[in-house]
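Hi everyone, thanks for making time. I'll walk you through one structure today, going sheet by sheet and then stopping at a couple of residues and a pocket. Have a look at it first.

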Amino acid sequence: MKNILRIQAMVIALSVLVWPAFAQQPVLRGGLSNCSVSVADLQAGATTTYTVSFTPDETLDPSALVSDQMAIATTAGGPDFSGAVVDSVTGGTISLATQGTTNATSVAITINTGEATSADTVTFVLSNVINPGAAGAGSGYEIRGVDFEGFPNPNPAPTVSICPVSGSIYTPSNDPVVVNPIADQVLNQSDGAVDLVDDLDTVFADADGVLTFSVSGNTDATVATASIDANDTLTITPQGSGTTTFTIEASSGGASITNSFDVRVIGQLGNVTITPQDLDTGATTSYIISFTPSNIFEGGYSMGINSGVSGPDYTNATLQSISGGTLTAEINGSPTNQGIGLNITGGTASSSDTITIQLDNVVNPGAAGQGPDYTITVLDFLPVLVVVDTATVAGNVYESVGAPTVLQQIPIQNLDEANGPGVVVADLNTIFTDGDGDPLTFTVEAGNDANTATASINGDELTVTPTGPGTTTITVKASDLPAGGEGEVTTSFDVNVVGLMDNASWTPITVDTDNITIYTFTFDPSSTLETGQRIIINNAAAGGPDYTNAALNFIQGGSLTAVIDSQDVDTIVAEITGGTAGVGDTVTLEFGNIVNPAVGGLGPDYELRLFRLFPPSGDVERITLSGTVFNDVGMPTVTTPIEDQELNEIDGAEEIIADLNTVFTDGNGQTLVFTVESGNDAMVATASISNNALTVTPVGSGTTTITVQASDLAAGGTGTVTDSFEVRVIGELDNVNIIPASQGISADTVYQLAFTPAGDIAMGDVIRVSTTAGGPDFSAASLENFSGGTLAAALMAQSPTTIDIEIMSGLATSANTISFEFNPVTNPTLEGIGPGYLVEIIDAAVVQDFATAPGTDFIDTDIIFRDGFDVAATRNQLAKAFVADVPYFGEAATQRPFYDNDSQHYLFAGAYLSRDLNDGEMRSQAEVRHWLRSVLVAVSPQGDWDSDGLLNAEDTRPFGLK
């Protein structure tokens, strides 16, 4: 019985393997002779017929237990026998033979009726054999004869005779063949489109033609779609969970071949939210989980929700409800403190349904702040275990009463190094909050890559400064501990930086128009260049060099190698095919056969980029360079552009360019005619040309653009060219008056100011009034009685020589008068004319309009009146005398100057002499002095002039009058 079982086992083994797993090792020997293998069609990849012949070394015949066999075998690189069919077996008296085990590398045949001896030639014919895809010598063959004579007794091991045969020589195929079949794929919907095969010519081959490719089959477009672009790249785009079979067809000259493969997609759950009904730490609450499936969601699925040990505790959770489609569910097994599983027990839902699950009795974590992310996984166990859908959801932010918490996350920042620092969050109190209102202190935690970006906090404002290409994570902490609070919390965000190419240039050897020339691109990378990246050179607009036929002459820097990947009129894309270059290297690429534009002048800017295809794809570093100024041979060109100008209206007309031939030149030396084109704002500035000299006349405050044209048409030339420049005019304020109420030295008095603006004055502007040492002191002054248009103003800053007024709201134009007072202002201590005044209108730290005013003539009143005043005396009489323009002091002797014997000075019996003298009319200092002199002479006729400025018995010159 044991022997019968062994025989049966060996028969089974022989039906499975061409070379059986015998109970004892078979006896191997040479012995077969006259062995040959002929092939009906030797084209690579062809499906054809193989004829195998040999002479056995001993009789092959059937047996009551185990029949003898013959076989052919090869290895990888030989024909594919997996679909082979035994068409015939001849030799000796063999009349019936059956095909045994067949696989890719071998075919076995069992003799059922008849026999072949060592005097016979045995031949068997196999059809539907596929030649290898590659031309040339294939793998060798082994022809085998298996003799079970006497098996299993007395010798339990069969005899195997082997005859090696050289491999066939295959010729190139004239029809398309599959040389590298596409393997089955597993893709994630979350990854998006995937370039599965960069070039389908690596999958298929054709010896005598160009292949065209198409997607000829897709069993389920809800799972994935496929496309083939102009570069024969096969792209698969996952759509939802499931499995589909794609068939790709390659055609050439009317012949075609296909390759099919399966794509299984792990879907991405959509619109996923996980919302606890109570966010307090430690609370027992309900969680609402909501999502849309990527495809059909049905009974038999299982789903797990996991958040780790620091997330919610699901140990005692219960399933309150599930809705969406017709689904039913139950909890799978025992929930833990890290996660919970659900079995979908019935029903279905589609990708258009929203599935909502409510879990009760979930316990929130004990720590406040951002909880861990949730992971949701949907599984299908039949027929085999596969992942159907996945999703990752940001953890919830839990609140502890009194402690700081995160209100909202700071989003990912995509920054450009060329743009410099930027404010990411204007007020961090919008990101964090405190449970009991304690003030928060914000800090940036250490740990980010400072070579990519740095962060700083000024007050409550968060600023990020990109420093180089790459990605880094920045963490911000909020704490109420400095205010005696309860704790602190952090939030983190990623910063992706596109670096700035250093020392970049894109330079042609010649700038003549229509010239085929060489361009050189040089830059110092701020990151590592490596295989697969692309260097992109692009004209920012039409009218630049033509790159259609450009050739890469060489690349230098590090160990880089490169080829041109693609090109068109405005763009060259060079692919780095090997090597690296990094910080400290200088990379240079030289391109030939580039055609300069046909039109001269300034070409468009150049955009230079280092681009990465592999994730995370996008620009690594970039820079924008100014376009080239091309020389149109024979046409006028701009050789030295006119610089922008800043002029003062008060200075009047100014010659900007003495000879415009220094700005423009003509390609063939023809005489140029210069004109000013219309279009500038004549209320700001005008321009004129005389004898080739360009003069600009400032008219009023503002900015305008002036364009000058040079033409050689009048001299029989070929064209014109223009150059534009910007003119900013600082305007002149009109009707400026600065009047102190008193001109007496050292007096604390009121200064009244008024002027008419040259342009608009609006919120944020500053009015600055200043003088220099020796003038009045503004340091204690306040602003009073401000008016003009609808303006409202406030004192901003002040010093002894300068006072600033900030416009808080409103508007004033050149039709309004601005007036205001400073009080108190302290006059200088020295008599005479003080330094002049400067009044400026400042916008964003730039002077827009200004004017100067003469200094005040300050008077030492003690020199005139000394200190011998009789307060009750003759101020009114002096006023009347001035008004009548006659000397008059009344009748009383006490109202005339009298001589003091002690001081030997005449003393006035009067009070302080006002400039308006009580009649409301303001007089100049000269008028007052003239009047006072006439009064003194009239009342002291006996006096004469002397140098000491005092009126006494011997010297009666009016004192204090020069």
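Okay, let's start with an open sheet: four strands, in the order 22-23-30-26, and the pairing is antiparallel. Bear in mind as we go that this is a predicted model. The edges of that sheet are strand 22, covering 270-276, and strand 26, covering 318-323, and each of these pairs on one side only. If you ignore direction, neighbouring strands here are turned by 15° against each other on average.

If you want a pair to click on, take Thr273: its bridge partner in strand 23 is Ser290.

Let me step back for the overall picture. The chain has four helices and 78 strands. Out of its 962 residues, 44% are buried. And if you take contacts with a separation of 6 or more, 66% of them are between residues 24 or more positions apart.

Strand 37 pairs with strand 41, residues 461-466, through three antiparallel bridges. Within that pairing, Val425 has Leu462 of strand 41 as its bridge partner.

Further along there's a hairpin. Strand 60, residues 685-690, and strand 61, residues 693-698, run antiparallel and are joined by six bridges. Ala687 sits opposite Val696 of strand 61. What does the turn look like? There are two residues between the strands, and Asn691 takes a positive phi near 55°.

Now for two single residues. Ser479 belongs to strand 42, which spans residues 470-479. Is Ser479 buried or exposed? Its relative accessibility is 8%, and the cut-off for buried is under 20%, so Ser479 counts as buried. Its side chain reaches the backbone nitrogen of Leu481 at 3.1 Å. Leaving out neighbours within four places in sequence, the contacts of Ser479 include Pro404, Pro439 and Leu440 on the one hand, and Gly487 and Glu488 on the other.

The second one is Thr513, and this time we're in a loop, between strand 44 (502-508) and strand 45 (516-524). Thr513 has 13% relative accessibility, so it counts as buried too. Who does Thr513 touch, not counting residues up to four places away in sequence? There's a run from Asn596 through Pro597, Ala598 and Val599 to Gly600, and then Phe630, Asn631, Asp632 and Val633.

Last stop, the pocket. The largest one holds about 600 Å³ of space. Its lining comes to 20 residues, and the ones nearest the centre are Asp195, Asp198, Thr233, Arg534 and Leu613. Which strands supply at least two residues each to that lining? They are strand 15 (194-197), strand 46 (534-539), strand 48 (561-567) and strand 52 (606-612).

That's my tour. Happy to go back to any of these on the screen.

Definitions and conventions. Residues numbered from 1 in each chain as written. Predicted model: local features only at pLDDT ≥ 70, side-chain atom pairs only at ≥ 80, totals over all residues. Heavy atoms only, no water. Pairing = 2+ DSSP bridges. Buried < 20%, exposed > 50% of the residue type's maximum accessible area, 1.4 Å probe, protein only. Polar contact = N/O pair within 3.5 Å; in protein donor to acceptor, adjacent residues only side chain to side chain. Contact = heavy atoms within 4.5 Å. 1 Å grid on protein atoms, 1.4 Å probe; cavity = no way out; pocket = protein on both sides within 12 Å on 5 of 7 lines; lining within 4 Å. Points joined across faces, edges and corners; volume = space filled by probe spheres on them. Axes fitted to C-alpha atoms, helices over the stretch in contact; angles between N-to-C directions.
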